[in-house]
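Here is a walk through one protein model. Keep the sequence and the 3D view at hand as you read.

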Amino acid sequence: MEIMKIKFYFFIVTTLCCLGIAKIHPQNNRDTRQNNSTDSIQIFPIEHASAVLKWNGVTIYVDPVGGKDRYIAHGLPDLILITDIHGDHFSLETLQALDTHNAKIVVPQAVADKMPDAFTPQIDVLNNGDSKERYSINIEAVPMYNLRKEALKFHPKGRGNGYVLNMGGKRLYFSGDTEDIPEMRALRDIDKAFICMNLPYTMTVESAADAVLEFQPKEVYPYHYRGKPDVGDVSKFESIVSSQNPNITIIRLDWYPDDDF
């Protein structure tokens, strides 16, 4: 009987200790979503220009469009970046369907003007040249626009943003919809560059390759390339860049999983 009492007391003490530890170390939503180390950046292509990044417990949505189902597996966003007003970059319907109540949303003014007042407390408006730090990530808004006369109406200078993210000692560049503008060519110390290439809205494979060879990022992720068949040729882009600078790594991700964009 004495042995049974001792075992019972031991069980009670152990249970109370465990409950005390649980109170000292509560869990929260972000803890349950942490699945990458502080020095790694995970990249998940969604489609065309949309991506999810994960770093240091922070989840970033870039140009989320296409409905909430595409994002459920990636957890709730902490930070959302939107480059421009066009439907392949900005979808109010998708934003309203997602649970974004804890997220900061970084947008150019043209996008902010199209968002309901309910989003106002979450919005950081950045114009070209502005920067903002969120979640230990410094976000730089850089220009994105067209140069060709026949394309000026698509993306006028100053309306949309490309973004440079400084995170974990790395610099990531998302071009948004742009041509090989001087501001892109002037970029320096870019570790990962997401470069668009399609006509008539952005630029040719040749222009994209020429710009990349100018600012020499360590890695290039071709994206936003579905368009005219003679333009959306990532192999041609890779061939041009690799033949002139083999130190630039071209990384292909599956930006068109449904192949119906």
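Helices here are DSSP runs of H or I with at least four residues, strands are runs of E with at least two, and both are numbered from the N terminus. By that count, T83 sits in the loop between β4 (79-81) and α3 (92-97). This is a predicted model, in which local features need pLDDT of at least 70, side-chain atom pairs count only at pLDDT 80 or more, and totals for chains, interfaces and linings use all residues. Residues are numbered from 1 along each chain as its sequence is written, and side-chain values use heavy atoms, with hydrogens and water left out.

Stay with T83 for a moment. A residue is called buried under 20% relative accessible area, exposed over 50% and partly exposed in between, using a 1.4 Å probe and protein chains only. T83 has 1% relative accessibility, so T83 counts as buried. Which residues does T83 touch, not counting residues up to four places away in sequence? Contact means heavy atoms within 4.5 Å. The partners are D63, H89, P108, M144, G160, N161, Y163 and G176.

Now turn to helix α6, residues 205-215. Its buried residues are V205, A208, A209, A211, V212, L213 and F215. The cover over them includes β10, α5 (182-185), β11, β12 (219-222) and α7. Take A208 in this helix. Its relative accessible area is 0%, so A208 is buried. Leaving out residues up to four places away in sequence, A208 touches I195, C196, M197, M203 and F237. A208 and D180 are 28 residues apart in sequence, yet their C-alpha atoms are 6.2 Å apart in space. Just after α6, Q216 takes a positive phi of about 50 degrees.

Next comes the packing of two helices. Axes are lines fitted to C-alpha atoms, for helices over the stretch in contact, and angles run from 0 to 180 degrees between N-to-C directions. Helix α6 packs against helix α7 (residues 234-244) at an angle of about 30 degrees, with the axes 9 Å apart. That makes α6 roughly parallel to α7; the cut-offs are under 35 degrees for roughly parallel, over 145 for roughly antiparallel, 65 to 115 for roughly perpendicular, and oblique for the rest. V205, E206, A208, A209, V212 and L213 of α6 meet K236, F237, I240, V241 and Q244 of α7.

Finally, look at the rings. Rings of Phe, Tyr and Trp (its six-membered ring) pair if their centres lie within 6.5 Å; planes under 30 degrees apart count as stacked, over 60 as edge-to-face and the rest as tilted. The structure holds ten aromatic pairs. In one of them, Y173 and F215 have ring centres 6.0 Å apart and planes at 90 degrees, so the pair is edge-to-face. This pair links distant parts of the chain: Y173 lies in strand β10 (residues 170-174) and F215 in α6, 42 residues apart. Y173 is buried at 1% relative accessibility, and F215 is buried at 2%.

F174 and F194 form a stacked pair, 4.1 Å centre to centre with 5 degrees between the planes. F174 lies in strand β10 and F194 in strand β11 (residues 192-195), so the pair ties together parts that are 20 residues apart in sequence. F174 is buried at 1% relative accessibility, and F194 is buried at 0%. Ring pairs also link F174, F194, Y221, Y223 and W255 into a cluster.
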